[in-house]
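Here is a short report on selected local features of one protein model.

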Amino acid sequence: MQKPKGTKDNFGYVQYLRQFVFDTLRDVSTLFNYKEIETPIFESQDVFVRAVGETSDIVSKEMYSFKDKGDRDIVLRPEGTAGVIRAVVENKLYAQALPLKLFYIGQMFRYENPQKGRQRQFTQFGVETFGEKSPYLDAEVILLASTILDALNIEYDLKINSLGDKETREAWSKALKEYFAQYKDQLTDDSINRLDNNPMRILDDKVDSKKDFVQNAPKLSDFYSEETQKYFEDLTSFLETIGVNFTIDHNLVRGLDYYTDTAFEFLSVSKDAGSQSTLIGGGRYENLVKQFGGPELSGIGFGLGIERIVNDLSASLKEEDINESPDVFVMNIDESATASALGVVYMLRRAGFATEWNYKPAKLQKAFTKADNMKATIKVIAGPKDLEQSSVMVKYSDRQESVKLDDLIDFITKALGETNENN
Ligand code: HAM
């Protein structure tokens, strides 16, 4: 039996890196005062159609959708934002002190063509921030993303764009419709379908985006309203002031329909990233909360692909540098002392030492081999005679000492400190 195409089994070194990334994400988000939210892995189809947009690739081609036994249209979530908005509105979380700052970690599903950095089941960390619309809040969300990458020692290029306010987008959309109408016979069927209701999507169509006339289409930035222009200038000059490096890229359009105003992407600079080099993508969305039946509340957030981050991290945090061996191995060498040996194991675990033992008594030599195979830093021989005297034999580096059980925790703490220093 094989795992489904586009999925992965995570274990060993990769799982260690994933946990390291999760811990860092939780730590940094907490410093920025974000609180964790968990929403269902599956939602009503309508949640994504409404938020992500019917003409987006994600909704039109990539959703894992099915009818459940109650004839409901269900979708395995392709992204995190829509479910969070649904939860914010359903639970009236917006009634709390604003800004409301939420983060999530979870599995997402997209029926895409798998390749390096692109899976059908993948893991996203994301944040969503609700409150006022302010370039300073946008800057803080971008700063959170860059602080995360800095904490993980990952180098990146940051690209920023403004997708404009309503006035800007209406003017641009009108210009795009007129422009693309002249080239209708050269557009793919997908693009022709988008021409009337979402001409912007033609720009990132996988086929059409490579054509010259698409690349020369009217630019959004030529239609910026005064307000958009000022907002974007405030954001970029504030980012400069706080020392976040970025480039402005007016060609940056995101693949989901809900974005307005600020949009950004953090790209990997690693040669190993392949074509899927976007580590983080995000932006502001003006209308989503209202669209879901909530108040008029602007939001901004981003999503980060855990697998892409882990791929970058594996270049700097090598498998051989990671020590996942137990601190202590307790050698159980006699049936009569098994219960006491387990008592020692529990005492060590309670004191915070990662401890393994051979639950089935074994001859001394066999128990040694087991401890060596596990690469335990310290070996404790739980022999019946020693235990009768409330002591055990401790072996580490090239030393061996008899230690009273009352002193064992202190002794192991010191011994581990010494061996770590020598390594
Ligand atoms: P997105 O750009 O579709 O945005 O995805 C965000 C990140 O998820 C990508 O930059 C990438 O690292 C990762 N990712 C996406 N698809 C895959 C895949 N098939 N395999 C592996 N990794 C993948 C969103 O999903 C928005 N919800 C982000 C957001 C939150 N915007 C505002 N708030």
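How many residues of strand S11 (residues 298–305) are buried? Eight of its eight residues are buried (under 20% relative accessible area; exposed is over 50%, partly exposed in between; 1.4 Å probe, protein chains only).

**Basis**

This is a predicted model: local features need pLDDT of at least 70, side-chain atom pairs count only at pLDDT 80 or more, and totals for chains, interfaces and linings use all residues. Residues are numbered from 1 along each chain as its sequence is written, and side-chain values use heavy atoms, without hydrogens and water.

**Strand S11**

Helices (H or I, at least four residues) and strands (E, at least two) are DSSP runs, numbered from the N terminus. In a regular strand the side chains alternate between the two faces of the sheet. Both faces of S11 are covered: Ser 298, Ile 300, Phe 302 and Leu 304 are buried on one side, Gly 299, Gly 301, Gly 303 and Gly 305 on the other.

Strands pair if DSSP finds at least two bridges between them. S6 (residues 121–131) pairs with S11 in the antiparallel sense over eight bridges. Glu 128 has Gly 301 in S11 as its bridge partner. S10 (residues 278–285) also pairs antiparallel with S11, over six bridges. Here Ile 280 stands opposite Leu 304.

**Backbone geometry**

Most residues other than glycine have a negative phi, and most peptide bonds are trans. A cis bond joins Leu 98 and Pro 99, with omega about 0 degrees. Pro 99 sits in the loop between helix H4 (81–90) and strand S5 (100–109).

Lys 92 lies in the loop between H4 and S5. Its phi is positive, near 50 degrees. Lys 92 is exposed, at 53% relative accessibility.
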